[in-house]
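Here is a short briefing to read alongside the model.

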Amino acid sequence: MSTADAPVSLENRLDYMDVLRGFAVMAIFIVNIKAMFQPFAFYANPLLWGSEADAFIANVQNIFVDNKWRTNFTALFGAGLMLIAMKAQEAGMDKKEAGARLRRRLTFLLLFGLVHLVGIWMGDILTIYAITGFIAILFRNMSTGVLIFWAIFFMVLGSFWMGGFMMATPYIPGMAEKMSGMMWGTDPEMLAKETEIFLGGIGGHVAYRAENALGMIIGYGIFGGMFAATLGLMLGGMLLFKIGFLQGRWKSSVYLPIAVIALGLAWGLEFWRVLELNKANWSFEAFSAWSPVIMIAGPLGAFGYAALIAFILRVGPKLSPVAAVGRMAFTNYIACSVIGTTLAYGHGLGMYGDVSLQQLMLIVSAMFVAMLIWSPLWLSVFRFGPLEWLWRSLTYKKIQPFMK
């Protein structure tokens with residue numbers, strides 16, 4: 001069998017994608033942890049934290065982190081699908097067989113995602129990635145020009161869909177009260193109920209997530225436009241990989257101005273949005289009205305950060321520990337959820353609802369240090385992270401070498 005028809009070898013890995021993925025999985029934990037230790041409304045509404053210092057940290061996250069690194073993570077997922085498809089083509093595999101491999105990979109990711117969603121944490125993104133991926137792979141063999149059209153089409157469609165849905169929410173009878181209570185903390189009983197559930201036993205956690213999982217997938221994914229937006233970002237990642245941007249192949253003289261312009265626009269738009277929301281005392285109506293800015297700033301910020309990391313790798317340090325975190329992104333993503341929820345929920349230390357955002361950033365910092373230590377150490381002995389190894393073995397229908 002051709003060596004091309006196998007998982008990417010150590011010597012042929014794209015260090016740039018590993019580094020970018022490493023930064024993404026760490027940055028995602030910065031925002032995810034808020035919804036692990038507090039009711040979901042704390043994720044979006046900085047005033048719920050109760051102190052000026054916490055509100056300031058939440059505002060800084062809004063400007064520099066929220067929706068930008070998750071967007072990069074999504075684009076990198078699309079790039080990974082394109083990489084696998086291109087390797088299959090290099091190996092002489094026919095389109096039908098290559099498609100079957102990709103569908104197998106996504107099927108197992110869907111199973112992993114559902115276990116994570118119901119068994120560990122409600123904020124799972126893997127399920128949406130898997131479902132959307134089944135559509136994204138249909139575009140893998142299209143020409144660059146056609147892929148550009150569809151990537152832009154779905155990104156614009158998803159942005160208008162999600163932004164329009166959020167703008168309309170406060171004015172839809174019935175939905176307005178439910179959404180503002182869940183997302184904004186306007187219903188004290190709902191906050192108290194979530195706190196009671198997650199400070200209880202693990203059976204109650206699982207029952208609550210199982211009860212709400214399908215509603216979230218349908219409501220957030222379909223009616224809320226998340227699937228359309230995710231598809232656009234995945235196709236964008238496939239395109240950017242195909243033309244070399246997400247392979248780190250462009251010149252540093254191109255990456256730098258892209259980073260400066262894209263990040264300047266993204267940060268500026270978010271700063272403007274935060275200022276206006278502060279003026280409106282962060283009302284749910286104001287947040288909904290300004291939500292389209294997020295749809296623009298998120299992809300801009302992701303594009304800018306991706307260019308910035310590429311520039312740094314070309315002119316500065318190789319960031320090998322971060323690359324190791326990225327090579328174990330699946331394992332690290334799940335590990336963050338397991339550790340975070342164990343610290344927070346009743347089956348663990350029961351810290352849920354009783355922590356400040358400042359304290360959470362200390363936990364995040366400790367997790368960053370841990371990931372930057374355990375990932376290189378693990379990969380000094382093993383070829384893959386444990387979940388990466390399992391996923392690859394299932395995808396290729398063959399036990400992959402584990403030890404170096």
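A residue counts as buried under 20% relative accessible area, as exposed over 50%, and as partly exposed in between. By that scale Trp272, at 43% relative accessibility, is partly exposed. Please keep in mind that this is a predicted model.

**Helix 9 and its partners**

- Two packed helices are described by the angle between their axes and the distance between the axes.
- Helix 9 (residues 202-223) packs with helix 8 (residues 188-198) at an angle of about 130°, their axes being 8 Å apart.
- These two helices are therefore oblique to each other, since angles of 65 to 115 degrees count as roughly perpendicular and those over 145 as roughly antiparallel.
- On the helix 8 side, the residues in contact are Glu194, Ile197 and Phe198, which meet Gly204, His205, Tyr208 and Arg209 of helix 9.
- Sorted by class, the contact between helix 8 and helix 9 holds three nonpolar, two polar and two charged residues.
- Helix 4 (residues 95-119) also packs with helix 9, here at about 125° and with the axes 8 Å apart.
- Helix 4 and helix 9 are therefore oblique to each other as well.
- Helix 4 brings Leu117, Val118 and Gly119 to this contact, while helix 9 brings Val206, Arg209, Ala210, Ala213 and Ile217.
- The class count for helix 4 with helix 9 is six nonpolar, one polar and one charged.

**The nonpolar core**

- In soluble globular proteins, nonpolar side chains tend to be buried together.
- In this model, the largest nonpolar core has 113 residues.
- Tyr16, Leu235, Phe245, Leu246, Phe287 and Leu360 have the most contacts inside that core.
- Helix 1 (residues 15-37) gives the most to this core, with 16 residues.
- Leaving aside residues up to four places away in sequence, Leu235 touches Ala136, Phe139, Leu147, Trp150, Ala151 and Phe154.

**Aromatic pairs**

- The structure holds 34 aromatic pairs.
- One of them joins Phe245 and Trp250, whose ring centres are 5.1 Å apart and whose planes stand at 80°, so the pair is edge-to-face.
- Phe245 is buried at 0% relative accessibility, whereas Trp250 is partly exposed at 25%.
- Trp272 and Trp290 form an edge-to-face pair too, with 4.8 Å from centre to centre and 85° between the planes.
- This pair links distant parts of the chain, with Trp272 in helix 11 (residues 252-279) and Trp290 in the loop between helix 12 (284-289) and helix 13 (291-315), 18 residues apart.
- An aromatic cluster is formed by Phe23, Phe64, Trp69, Trp267 and Tyr305.

**Helix 17 and what covers it**

- Within helix 17 (residues 386-396), the buried residues include Glu388, Trp391, Arg392, Ser393, Thr395 and Tyr396.
- Among the elements covering the buried residues of helix 17 are helix 3 (69-90), helix 4, helix 14 (320-327) and helix 15 (329-344).

**Positive phi outside glycine**

- Lys397 lies in the segment after helix 17 and has a positive phi near 55°, though it is a residue other than glycine.
- With a relative accessible area of 64%, Lys397 is exposed.
- Asn281, likewise not a glycine, has a positive phi of about 55°.
- Asn281 sits in the loop between helix 11 and helix 12 and is exposed, at 56% relative accessibility.

Definitions and conventions: Residues numbered from 1 in each chain as written. Predicted model: local features only at pLDDT ≥ 70, side-chain atom pairs only at ≥ 80, totals over all residues. Heavy atoms only, no water. Axes fitted to C-alpha atoms, helices over the stretch in contact; angles between N-to-C directions. Helix = DSSP H or I, 4+ residues; strand = E, 2+ residues; numbered from the N terminus. Parallel < 35°, antiparallel > 145°, perpendicular 65-115°, else oblique. Contact = heavy atoms within 4.5 Å. Nonpolar A, V, L, I, M, F, W, Y, C, P; charged D, E, K, R; others polar. Core = buried A, V, L, I, M, F, W, Y, C linked by side-chain atoms within 4.5 Å. Buried < 20%, exposed > 50% of the residue type's maximum accessible area, 1.4 Å probe, protein only. Phe/Tyr/Trp six-rings, centres within 6.5 Å; stacked < 30°, edge-to-face > 60°.
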